[in-house]
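Colleague: Can you walk me through this one? I'd like to hear about the helix packing and then the ligands.

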Amino acid sequence: MSSAPPRRVAVLGGGHLGAALARGWAASGLVTAADITITRRHRSKLDSLAGEGFGVGTDNAAAVSEADVVIVAVQPAQVEGVLRDIAPVLGARPLISVATGVSLAALRAPLGPDAVVARAMPNTAVEAGSSMTCLAGDDRSGPALEAAESLFAGVGRALVIDEDMMTPATALCACGIAFFLRTIRAAAQGGTEIGFHSEEALLLAAQTARGAADLILTTRSHPESEIDRVATPRGCTIAGLNELEHRGFSSAMIRGILKASERAGELL
Ligand SMILES: NC(=O)C1=CN([C@@H]2O[C@H](COP(=O)(O)OP(=O)(O)OC[C@H]3O[C@@H](n4cnc5c(N)ncnc54)[C@H](O)[C@@H]3O)[C@@H](O)[C@H]2O)C=CC1
Ligand SMILES: O=C(O)[C@@H]1CCC=N1
């Protein structure tokens, strides 16, 4: 069971993921918007988040000083500089990095060996409370891993994995959501070609995708058993499925995951 979520959170790096995290935590009621401070280099780009009630600023050390837990959400190559900025004020505060490819050892290098750090790999569905987030820590991560479990379980599912699986997790979950989004978009395009207006086609495709995921997550059955229940002999499902496979659908998805994993391992 995860512990109570931290009251005040500093999100360093209010870009796509940082903003999605802040909005997801506030929407879930886990942390109030006023207790989340988001930083980035240019204050003007934080105006809309300020308008939503979040604290905003450009001073990472000041944000950290007022927080119970720190989230690092800058690009991988920017992490070291940010950690150097905050090293003098971090103290024993738990720090969670969502940066791809930055190891626990690399996080501790500028902060010192006693820094309480963990890694998280969410996807942008944190904003909708539906992320799959993988977490990793080690024997010195204690409170950071606990804080991560409580924060990320509040905006989807969270699973603790070995650190050496964080790169594959990046490909399958963090990049993976884009692959499923493209799949939904493609299905909607097909839907429009066979007669639906585009908004209707998108709704039909997205809810159908959600249904497929819910079947797997709730019944725990295998996708192929579920497919067998849909595909009537000589019917239209098997005709469509076989055409997808003749066009390399499964192979394309597998190769996409492999390519993303390869690139995720090279990011630093
Ligand atoms: N976008 C996604 O879906 C996911 C991203 N990640 C990781 O999250 C991190 C952020 O990714 P994105 O949000 O996509 O990138 P982004 O480029 O949208 O956001 C990074 C933000 O950090 C800000 N920044 C740069 N230097 C800063 C500094 N010194 N102090 C404060 N803010 C600073 C930038 O202005 C920018 O707004 C990356 O490490 C990425 O690998 C991980 C999982 C999913
Ligand atoms: O594309 C990227 O590099 C980041 C990491 C995973 C998702 N977005």
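Colleague: How do helix 4 and helix 5 lie to each other, roughly parallel or oblique?

Modeller: This is a predicted model, to start with. Helix 4, residues 79-90, packs on helix 5, residues 104-111, at an angle of about 55°. That falls between the under 35 degrees that counts as roughly parallel and the 65 to 115 that counts as roughly perpendicular, so the two helices are oblique to each other.

Colleague: And how far apart are their axes?

Modeller: The axes are 8 Å apart.

Colleague: Which hand is the crossing, left-handed or right-handed?

Modeller: Helix 4 and helix 5 cross in a right-handed sense.

Colleague: Which residues meet there?

Modeller: From helix 4, Glu 80, Leu 83, Arg 84, Ala 87 and Leu 90; they meet Leu 107, Pro 110 and Leu 111 of helix 5. By class, that contact has six nonpolar residues, two charged and no polar ones.

Colleague: On to the ligands. How many residues surround ligand 1?

Modeller: There are 26 around ligand 1, and the closest are Gly 13, Gly 15, Leu 17, Ala 99 and Thr 100. The shell divides into 13 polar, eleven nonpolar and two charged residues.

Colleague: Which helix gives the most to that shell around ligand 1?

Modeller: Helix 1, with three residues. Helix 1 spans 16-28, and both helix 1 and helix 4 supply at least two residues of the shell.

Colleague: What surrounds ligand 2?

Modeller: Thr 100, Thr 170, Ala 174 and Cys 175. Two residues of the ligand 2 shell are nonpolar and two are polar, with no charged ones.

Notes:
Residues numbered from 1 in each chain as written. Chains lettered and ligands numbered in written order. Predicted model: local features only at pLDDT ≥ 70, side-chain atom pairs only at ≥ 80, totals over all residues. Axes fitted to C-alpha atoms, helices over the stretch in contact; angles between N-to-C directions. Helix = DSSP H or I, 4+ residues; strand = E, 2+ residues; numbered from the N terminus. Parallel < 35°, antiparallel > 145°, perpendicular 65-115°, else oblique. Left-handed = near helix turned anticlockwise from the far one by under 90°. Contact = placed C-beta atoms within 7 Å. Nonpolar A, V, L, I, M, F, W, Y, C, P; charged D, E, K, R; others polar. Near = placed C-beta within 6 Å.
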